[in-house]
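Open the model in your viewer and keep the sequence panel beside it. This tour goes stop by stop: what to select, then what is there.

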Amino acid sequence: MLKGFRDFVLRGNVVDLAVGVVIGAAFGTVVTAFVKDLLTRSSRAGQKADFSGFAFELHGSRFLYGDFVNAIISFLLIAAAVYYLWYYR
């Protein structure tokens, strides 16, 4: 049983997948830092762009949608950075 598991783990495609996941995570960290430190700061032009306090009330329930707006903006900036890095490679 252990020999079969060892053979499975050491097959080339499993190791390649593990390396790809690690490299992808590292690349995601680099792109996130690029967007956070360069693109987001330059797009704010000295203003604080934080929507986490945005909310609305409906039938006595409070819905916080500001974090969702922050996540959408962050996603769009990251997607744009990856697109332009890929397009102009």
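Start with the whole chain. Residues 24 or more positions apart account for 29% of the contacts with a separation of 6 or more, a contact being heavy atoms within 4.5 Å. This is a predicted model, where local features need pLDDT of at least 70, side-chain atom pairs count only at pLDDT 80 or more, and totals for chains, interfaces and linings use all residues. Residues are numbered from 1 along each chain as its sequence is written, and side-chain values use heavy atoms, with hydrogens and water left out.

**Stop 1: the overall layout**

Colour by secondary structure. Along the sequence they run α-α-β-β-α. The elements are DSSP runs numbered from the N terminus: helices are H or I with at least four residues, strands are E with at least two.

Now show the surface. The accessible surface is about 7,600 Å², and carbon and sulfur atoms hold 68% of that. Areas come from the Shrake-Rupley method with a 1.4 Å probe; for residues, only the protein chains shown count as cover. Of the 89 residues, 6% are buried. Buried means under 20% relative accessible area, exposed means over 50%, and partly exposed lies in between.

**Stop 2: the hairpin**

Select residues 55-58 and 61-64. These are strand 1 and strand 2, paired in the antiparallel sense over 4 bridges. Two strands pair if DSSP finds at least two bridges between them. Alanine 55 in this pairing stands opposite leucine 64 of strand 2. The two strands form a hairpin with 2 residues between them.

Next, pick histidine 59. Where does histidine 59 sit? Its place is the loop between strand 1 and strand 2. Most residues other than glycine have a negative phi. Histidine 59 is not a glycine, yet has a positive phi of about 55 degrees. Histidine 59 is exposed, because its relative accessible area is 79%.

**Stop 3: phenylalanine 54**

Step back to phenylalanine 54, in the loop between helix 2 (12-44) and strand 1. Phenylalanine 54 counts as partly exposed, because its relative accessible area is 37%. Which residues does phenylalanine 54 touch, not counting those up to four places away in sequence? They are Phe63, Leu64, Tyr65 and Gly66. Then draw a C-alpha to C-alpha distance to valine 69: 8.8 Å in space, for 15 residues in sequence.

**Stop 4: the aromatic rings**

Rings of Phe, Tyr and Trp (its six-membered ring) pair if their centres lie within 6.5 Å; planes under 30 degrees apart are stacked, over 60 edge-to-face, and the rest tilted. The count comes to 4 aromatic pairs. Tyrosine 83 and tyrosine 84 are edge-to-face, because their ring centres are 5.1 Å apart and their planes stand at 75 degrees. Tyrosine 83 is partly exposed at 45% relative accessibility, and tyrosine 84 is partly exposed at 47%.

**Stop 5: the nonpolar patch**

Select Phe54, Phe56, Leu58, Phe63, Tyr65, Phe68, Ile72, Phe75 and Leu76. Together they form a nonpolar surface patch with about 900 Å² of accessible area. Strand 1 and helix 3 are the elements that give two or more residues. Helix 3 gives the most, with 4 residues. Patch residues have over 30% relative accessible area and no salt bridge; like charges are joined within 9 Å, nonpolar side chains (Val, Leu, Ile, Met, Phe, Trp, Tyr) within 5 Å. A salt bridge is a side-chain nitrogen of Lys or Arg within 4 Å of a carboxyl oxygen of Asp or Glu.

**Stop 6: along helix 3**

Finish on leucine 76, found in helix 3. Leucine 76 is exposed, with a relative accessible area of 52%. Isoleucine 73 is also found in helix 3 (residues 66-87). Isoleucine 73 is partly exposed at 34%. From isoleucine 73 to phenylalanine 51, C-alpha to C-alpha, the distance is 10.0 Å, across 22 residues in sequence.

Terms used: Buried means under 20% relative accessible area, exposed over 50%, partly exposed in between (1.4 Å probe, protein chains only).
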